[in-house]
Amino acid sequence: MSRFKSDFLRTLDERGFIHQISDEAGLDELFAKETVTAYIGFDPTAPSLHAGGLIQIMMLHWMQKTGHQPISLMGGGTGMVGDPSFKDEARQLMTVDTIESNIASIKRVFSNYLDYDAATAPALMINNGDWLRDINYLEFLRDVGRHFSVNRMLSFDSVKTRLDREQSLSFLEFNYMILQAYDFVELNKRTGCRLQMGGSDQWGNIINGIDLGHRMGTPQLYALTSPLLTTSSGAKMGKSMNGAVWLNPDMLSAYDFWQYWRNTEDADVSRFLKLYTTLPMDEIARLSALGGSEINEVKKILATEITAMLHGRENAEQAAETARKTFEEGALADNLPSIEVPKSELEAGLGLLSLIVRAGLAASNGEARRHVQGGAVKINDQSMSDERQVIGAGEITADGVIKLSLGKKKHILVRPA
């Protein structure tokens, strides 16, 4: 029996999204009696968010699903400073053009999870640059800065850990928490927003916003954070062997995205079904009870459901079918990831290690050599044991490609260009 009476908090609770809430009873009461507006802030530090941010997007998705209004707040203003929370050093500063270009790119992902055109409580996408970039510094210091105690700001874990390690924290970054707190007050003024959500590392920043709101006369504001996720083996969510698991399709194909979730560790399957899919809880309970070889079928369902939300059902099913053909039939599927290599290079011959690095299956020749020595590399399904092997036009199959494989699950088609 859930401790919550509102649909939204009950859903978040049973699916494992809740780490901390500033006032459980008060927030539950608010969600039970009115349409609530809440936001999560997203930093435009790259042209795409990665899978590590998916838990936040799903929280906004469930909010709208249960009849409330989510705001995806883009950090067009705060992105010019960079969040110092738990970072070892200052972020690289970005130009306004880079920030705007990243925001435009990131926006494309959100519409797969949120309905910005809904007749009631449509999702809102707002850029904090709209109010932060034109701030009058003296007025801001007088009206907002006076409410902040430096002693208290220095006690926040995100700041303390940096200072304890004797790493410098610039005044620019120190201002970030003031700007983020001000965002909460500004959004309340503009939209009636009452709740800020985020990862558990944002707790101090969100509480700051609640305190500032209290001092500046807003109604009671609330905080809700989700657990910071790692996989069962301790790996960070959203990172794979080949780097970040991007959400934008032009940075990572539907097939590679599907593969990332298909490779979920057994111990994480049930948790990921709850967090990253919209399957009903009784169906998740049924799937979670399966064991043995059936767990692989559950992983395929997990991968297909998560991929369908982001890339569409058709692309998700195509990715699942490509994987089935490749692994179960040993067939060459056209929509496997591919790279192009000039025909002249293949005719001259290309070193196996260079080809592995070029295909993105290793970061260096040394790593590629270890893969070959470990027996993990195949060309056209034939194991390669000689790291000095030269790959050339003779390896091009009747399908007009060379199939390069690393282990059982990573395949790249090398196409002569």
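A residue is called buried when its relative accessible area is under 20%, exposed when the area is over 50%, and partly exposed in between, using a 1.4 Å probe and protein chains only. By this rule strand E6 (222-226) is mostly covered, since five of its five residues are buried. The model is predicted: local features need pLDDT of at least 70, side-chain atom pairs count only at pLDDT 80 or more, and totals for chains, interfaces and linings use all residues. Residues are numbered from 1 along each chain as its sequence is written, and side-chain values use heavy atoms, with hydrogens and water left out. Helices (H or I, at least four residues) and strands (E, at least two) are DSSP runs, numbered from the N terminus.

In a regular strand the side chains alternate between the two faces of the sheet. In E6, Tyr 222, Leu 224 and Ser 226 point one way, Ala 223 and Thr 225 point the other way, and all are buried. Two strands pair if DSSP finds at least two bridges between them. Strand E1 (residues 20-21) is joined to E6 by two bridges, and these strands run antiparallel; Ile 21 stands opposite Leu 224. Strand E5 (residues 195-199) is joined to E6 by five bridges, and here the strands run parallel. Gly 198 stands opposite Thr 225 of E6.

Leu 27 belongs to helix H2 (residues 24-33). Leu 27 counts as buried because its relative accessibility is 0%. Contact means heavy atoms within 4.5 Å. Not counting residues up to four places away in sequence, Leu 27 touches Leu 9, Ile 21, Leu 195, Tyr 222 and Leu 224. The C-alpha atoms of Leu 27 and Asp 268 are separated by 30 Å, and the two residues are 241 residues apart along the chain.

Thr 218 lies in the loop between helix H11 (203-216) and strand E6. With a relative accessible area of 16%, Thr 218 is buried. Its contacts, again leaving out residues up to four places away in sequence, are Val 185, Asn 188 and Gly 213.

## A second sheet

An open sheet of five strands has mixed pairing and the order E9-E15-E14-E11-E12. Its edge strands are strand E9 (338-341) and strand E12 (382-383), each of which pairs on one side only. Within this sheet, strand E11 (residues 377-379) and strand E14 (residues 402-406) run antiparallel and are joined by three bridges. Ile 379 has Leu 404 of E14 as its bridge partner.

## Helix pairs

Axes are lines fitted to C-alpha atoms, for helices over the stretch in contact, and angles run from 0 to 180 degrees between N-to-C directions. Angles under 35 degrees count as roughly parallel, over 145 as roughly antiparallel, 65 to 115 as roughly perpendicular and the rest as oblique. A crossing is left-handed if the near helix is turned anticlockwise from the far one by less than a right angle, and right-handed if clockwise. The axes of helix H13 (residues 269-276) and helix H14 (residues 281-288) come within 9 Å and cross at roughly 160 degrees, so the two helices are roughly antiparallel. Ser 270, Leu 273 and Lys 274 of H13 make the contact with Met 281, Ile 284, Leu 287 and Ser 288 of H14.

The axes of helix H1 (residues 7-15) and helix H3 (residues 54-65) also come within 9 Å, and they cross at roughly 140 degrees. H1 and H3 are therefore oblique to each other, and their crossing is right-handed. The contact involves Phe 8, Thr 11, Leu 12 and Arg 15 of H1, together with Met 59, Trp 62 and Met 63 of H3.

Helix H12 (residues 254-262) is mostly covered, with eight of its nine residues buried. Among the buried residues are Tyr 255, Phe 257, Trp 258 and Trp 261.

Ala 121 is placed in the loop between helix H4 (96-110) and strand E4 (124-127). Although it is not a glycine, Ala 121 has a positive phi of about 45 degrees. Ala 121 counts as partly exposed because its relative accessibility is 21%.
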